[in-house]
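Below are some notes to read alongside the model, as numbered points.

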Amino acid sequence: MLFAPCSTCSDAVGPMVTLMSEPVRVRIAPSPTGTVHLGLCRTALFNWATARRRGGKFILRIEDTDHDRSTAESEAAIVEGLRWLGLDWDEGPDVGGPYAPYRQSERIERHHERAGELLAAGHAYRCFCTRERLDALRAGQEERKETARYDGQCRDLEPDDVERRLAAGEPFAVRFRVPEGATTFDDLVRGTVTFAHAEVDDWVMVRQVGGPTYNFVVVCDDIDMRITEVLRGEEHLVNTPKQLLLYAAFGAPAPAFGHLPLMLGPNRKKLSKRHGDTALGDYRANGYPREAIVNFLCLQGWALDGATEVFDVATFVERFDPRDVQKAGAVFDFDKFKWLSGELIRRQPLALVAERCAPFVVAGGLATEGELRERARWFEQVVAGEQERILLYSDLPGRIAHFFAADEAVPYAADAEAGARKHAGRIETLAAFRAWLAAQDPAASAEVLGAGAKAFVAAAGLKLPALFQPLRCALTGMAGGRDLFDVVVLLGREHALARIEAAERRLA
C-alpha cells in the first residue's frame, strides 16, 4: 500500500496564497534527458543573475524522475555546459548543500510522504479508474468536442468503499482535489494573472504505477529547498495554478513566479531545430565565443538600455531585473548572433583568440597542437591579421590554410586565379619581382617591403594590380585578405620565393 487510507475528508476552499519574504533563493531544475538547449541556458542565466545581483543563492536541481529517458551522460553535459558558460551554483548534486539530495530521484520517499499528508488532509484523493475507462472518457469528450478532463468519479468515494478497494489490492492514482474559485497572482514578467479553478482538472499527483508527477514533486522540492522565486519559460505558465493550489494546501508560502517569453524562430513560431541549431553544444562546435552566447542570451527578452547590444556579464548582473523582461516572444536573430560573435572576437586579447582558434586549426588538419605550441608567437601573428575579419573561431582555418600548404601546391581560388590571369605580362612581372625580392634584406619589415614593391611597380611602368593580383594568387591563392607583405614576412623569404616561382609555371 502506497499510502495509509484517509479516514476523514473535508471540502477544500479557495487558496490563500502567501508569498515568501526570505533571502533570495532561485533554482534551475533541468531534466537530464537530452542535449543542453539554449532555452535552458537562458533560464539558468536569468536565475543566476537574480541570485548574484541580490546576494542570494542559486541552486542546481536535477529533475531525473523520467527513468526511461534520464541519463548520467545528459546530467554531466548539463553541469559541464553551464559551467562552460561561466555559471556557478551554491548548492547542487555536485557541490552539496543544506537541502540535499539535489537529484529528484533521490527524494521519492519524501514525495510519497508529502502526498500522504494531502490525502490525510482531504486535499487529495485516490482514483481507482482504469486506463481503459479514462481512455473511453477522453474519447467521448473529444467526439463531443468537449474539453478533456477527469469527471470526478472517484472524488467523493465513501471511506468504507476506499478501504474495501485498497484491501482488494486495486491499483490507484492520487489526484489533487481542486477547489472552487480562482487563483490570482502577480507574475514578475506578466503582471496580474488570474486562473479560474474550473479550468484546472483534478490532476494526477501520483500515477497508478507509483511515480509522482512533475507538478507535484516540483512544489515539494521547492518548499523543502525554500525557493523564493521561480523564473522559467512561458510554457510553464499553465502549471502555475496547480502549483499555487498545492502551496496553499500544504500551508506553505509560495515563491514569486516569473514566466520568460518564448524564444521564437524567424517565422515567429517557437524556436526549434528546423530553424537552426538550438543546442549549446552546436554553437560551441561552430566556434561561437562563450561571451557571445551569454551576451546574446541576455538579449532574448531583455535589453540593457534599448541601444547597447554588446556588454559583459558583470553589467548584466548589475542591471538585470525580471520585471524588465518583455512579455512578447523573443525572435532569435541568427544574423545578429553571428554579428555579435564577431564583435566580441574583435574585442578579445589576441592571445585568447589564438588559444580558442587553435583547436579548430588542429581539427582542420592544418597543424598539430605541438606544432602550434612550438610556433606560438608566429601563430598569434597569423591570427592577428584575421581577428578583424572572422565572425567565429571556426572561420579561421579556411582563411589561413595557405600558410600551411606546400609551396608548389597552394590551392588557387577561381576568382584569385581569374584576377591574376587577366594581366598579360604576369609571368614576366612575377619573375622580375622574384629577383627583386631575393635581393632584399631578409630581415626587412612588411612596411619596408611594401614601400619597395610600390617603387618597383612604378619603375616598371605598371599599375599596382598588375603585380599585386598575380602575387596574391601566388602567395595565398586568395583574391583578397591581409597585407601582402605581412604574408611574405610570415611565410619567410624562402617560402615566398618558392611560391612565386611555382606561380610562374602554374599561371603560364
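1. Let me start with the cores. The largest nonpolar core has 53 residues, and those with the most contacts inside it are Leu45, Phe46, Ile293 and Phe316. By nonpolar core I mean a set of buried Ala, Val, Leu, Ile, Met, Phe, Trp, Tyr and Cys residues joined through side-chain atoms within 4.5 Å. Buried stands for under 20% relative accessible area, exposed for over 50%, and partly exposed for in between (1.4 Å probe, protein chains only). Helix H1 (residues 38-53) supplies the largest share of this core, nine residues; helices (H or I, at least four residues) and strands (E, at least two) are DSSP runs, numbered from the N terminus.

2. A word on the basis of these notes. This is a predicted model, in which local features need pLDDT of at least 70 and side-chain atom pairs count only at pLDDT 80 or more, while totals for chains, interfaces and linings use all residues. Residues are numbered from 1 along each chain as its sequence is written, and side-chain values use heavy atoms, with hydrogens and water left out.

3. Do have a look at Ile293. Leaving aside neighbours within four places in sequence, Ile293 is in contact (heavy atoms within 4.5 Å) with Leu38, Trp84, Leu85, Leu280, Tyr283, Tyr288 and Phe337.

4. Next, a helix pair. The axes of helix H18 (residues 446-459) and helix H19 (residues 464-476) come within 9 Å and cross at roughly 125°. Axes here are lines fitted to C-alpha atoms, for helices over the stretch in contact, with angles from 0 to 180 degrees between N-to-C directions. H18 and H19 are therefore oblique to each other; angles under 35 degrees count as roughly parallel, over 145 as roughly antiparallel, 65 to 115 as roughly perpendicular and the rest as oblique. On the H18 side the contact involves Ala453, Lys454, Phe456 and Val457, which meet Leu464, Leu467 and Phe468 in H19.

5. Now the open sheet. Three strands form it in the order E3-E4-E7, with antiparallel pairing; two strands pair if DSSP finds at least two bridges between them. Strand E3 (124-127) and strand E7 (204-206) are the edge strands, each pairing on one side only. From one strand to the next, the twist averages 45°. E3 and strand E4 (residues 173-176) are joined in the antiparallel sense over four bridges, and Tyr125 stands opposite Arg175 in E4.

6. Two parallel pairings deserve a look as well. Five of the five residues of strand E8 (residues 229-233) are buried, so E8 is largely enclosed by the rest of the structure. E8 pairs with strand E9 (residues 256-260) in the parallel sense over five bridges, and Val230 has Phe257 in E9 as its bridge partner. Strand E1 (residues 25-28) runs parallel to strand E2 (residues 57-60), joined by four bridges. Arg25 and Arg27 point one way from E1, Val26 and Ile28 the other way, and all are buried.

7. Helix H7 (residues 240-250) has nine of its 11 residues buried, so H7 is largely enclosed by the rest of the structure. Among the buried residues of H7 are Thr240, Gln243, Tyr247 and Phe250. Just after H7, Gly251 takes a positive phi of about 70°.

8. Is Arg61 buried or exposed? At 0% relative accessibility, Arg61 counts as buried. Arg61 sits in the loop between E2 and helix H2 (72-84). Not counting residues up to four places away in sequence, Arg61 touches, among others, Arg27, Tyr102, Gln104, Asp221 and Asp222.

9. Finally, some backbone geometry to inspect. Most residues other than glycine have a negative phi, and most peptide bonds are trans. The peptide bond from Ala100 to Pro101 is cis, with omega near 5°. Lys145 is not a glycine, yet has a positive phi of about 60°, and is exposed, with a relative accessible area of 76%. Arg226, also not a glycine, has a positive phi of about 55° and is partly exposed at 36% relative accessible area.
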